[in-house]
Amino acid sequence: MSSLTESSAWKSLSAHAADFLQPDFHLAALMRSQPARFSSFSVRQGDLLLDYSKNFVDDRTLPLLLDLAEERQLPAAIAAMFRGDEINNTEHRPALHVALRQPAANSAHPEVAETLERMRSFVDEVRSGKWTGHTGKPIKSVINIGIGGSDLGPVMVSDALAEFADNKLDVRFVSNVDPVHLQRSLNKLDAEATLFIVASKSFTTLETHQNASAARRWFLSNCNDEEAIAQHFVAITTNLEAAADFGIPQENLFPMWDWVGGRYSLWSAIGLPIALGLGMEHFERLLAGAHAMDEHFRTQPLSENMPVLMALLTVWYTTFFDAHSTAVVPYSQALDKFPTYLQQLYMESLGKRVDQEGQPVSTGTGEAMWGTAGTNGQHSYFQLFHQGTQFIPVDFIAVAQSGADDNHEAHQHLLANCLSQSLALMEGTPDESDPHKYIPGNRPSNTLVLPQLDPYHLGSLIALYEHKVYAQSVLWGINAFDQWGVELGKKLSKTLFSALQAQTAPDDLDSSSRGLISTIKQWQMNA
């Protein structure tokens, strides 16, 4: 394969981008000149709609972008992922999160179906009250202890689908090693009716290990019976020995596999807190929605492939229009944590400076991902969109049907705000005599519309962004499934922890670290 920037499609796109940078170009004028533009530049997957008509795309752009996808062998890369090829080349393993949501009848991974069945049995026992604590009390509270992919996905899904929970269980999440997080989560809980899930592949992740150990001490301070741990702790891990030393018996362990990265793992046993809170049937609908998007990504031609089109637009903007970030703004309070979830998916996957062969990349890769729920964001950072100097493409997400029982008028206001913001970004204002009031418009955006926010459609939405990220990585020629940069800070933290514990900081530390440690220790002594 030729170098990305030397490919013919890349050179054609580079020349074509200049058309959209001319002083007389305006996105609103392009929209008015093409009455059928919505039909030409929108695509559906089931009843999920992507409108990408408010983008710097005309009849010449899309064929050129599709040429780039072909030149970068994107169809072959998609097939390779679903086939189970070793696409994570630095860790020498496949990336088979799609296997986690494949129907059991068609699965080539019986261990996945077996784990789902174990989850189903466990969830039924806990939710029905058959699984009790050591004193016979049914479980009323669940604390999930994890971090990163073992936390962000389950937290986001549980929050987004809270209306589907029946409140049989109070499910809480602890991730931060800051002891305040665990302390607040344990507040007013009955140890005899509390179940802990320790989610850690290695069972040695610093934050999770610290929190799990503190939770164990809290539990034993309330019951003083080591054997009782077996009825109050389960784990999702591959480190059976460490889990056994902790006091968790093998029958309380659920597996993780090295072919599933943490940020793609909510579909596995890592999703156990989702299933406990919502019920297994809703968790399985989440899987079904993701599988539907998998099939769309696997089978649809590139020109009608939703994740591919979104990936091509992002590469188009980051490279030729100097976009350094993307905002995702869901007009749904239930999806408030969705942008936070996407931050890990995007920036851990695409924050790479070398290509698959270890050579420096020839273009920018990745982008900062951020956002919050609308309409809150309109009263916070939208000013930057409308009159700032940065070029920031926006993904708007709208849900047609409200999750609230009444107040249809408020939901219509919510949707009107979503549609008006994408329109305002495109249109801007007419020439104003006052330059302070002038809004240039000509800012691109996508709008995704879901009929309703339920487990099936949320599953499709999450998988859409997963596949978008993979497609971007293929176009850039980078590995979306490793995260070596995360490891350095972990390694250095051990050195600095030792320095904080010592009476004086070691001489080989830099002056900044020594000064900070000295100040912190002084203030700790004076507390």
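On a 1 Å grid over the protein atoms alone, a pocket is an open set of points with protein on both sides within 12 Å along at least five of seven lines, a cavity is a set where a 1.4 Å probe fits but cannot get out, and lining residues have an atom within 4 Å of a point. The model shown here is predicted, so local features need pLDDT of at least 70 and side-chain atom pairs pLDDT 80 or more, while totals for chains, interfaces and linings use all residues. Residues are numbered from 1 along each chain as its sequence is written, and side-chain values use heavy atoms, with hydrogens and water left out.

Let's begin with the largest pocket, which holds about 1400 Å³ of space, a volume being the space filled by probe spheres set on grid points joined across faces, edges and corners. Its lining has 44 residues, and I147, T205, V486, E487 and K490 lie nearest the centre. Helix α18 (485–501) is among the elements that supply at least two lining residues, as are α9 (206–223) and α14 (338–350). Of these, α18 gives the most, with nine residues. Helices here are DSSP runs of H or I with at least four residues, strands are runs of E with at least two, and both are numbered from the N terminus.

The structure holds four cavities of 30 Å³ or more, and the largest cavity has about 110 Å³ of space. Of the 16 residues lining the largest cavity, T314, Y317, T326, P393 and N446 are closest to its centre. Helix α13 (306–320) and strands β8 (325–331), β10 (394–399) and β11 each provide at least two residues of this lining, with α13 giving the most, five.

Strand β11 (residues 445–450) also contains T447. Why does T447 count as buried? Its relative accessibility is 6%, and buried means under 20% relative accessible area, exposed over 50% and partly exposed in between, with a 1.4 Å probe and protein chains only. Leaving out residues up to four places away in sequence, T447 touches L49, L50, D51, F396 and S422, where contact means heavy atoms within 4.5 Å.

The peptide bond from G374 to T375 is cis, with omega near 15 degrees, and T375 sits in the loop between β9 (368–370) and α15 (382–387). N224, although not a glycine, has a positive phi of about 55 degrees; N224 lies in the loop between α9 and β6 (233–236) and is exposed, at 71% relative accessibility.
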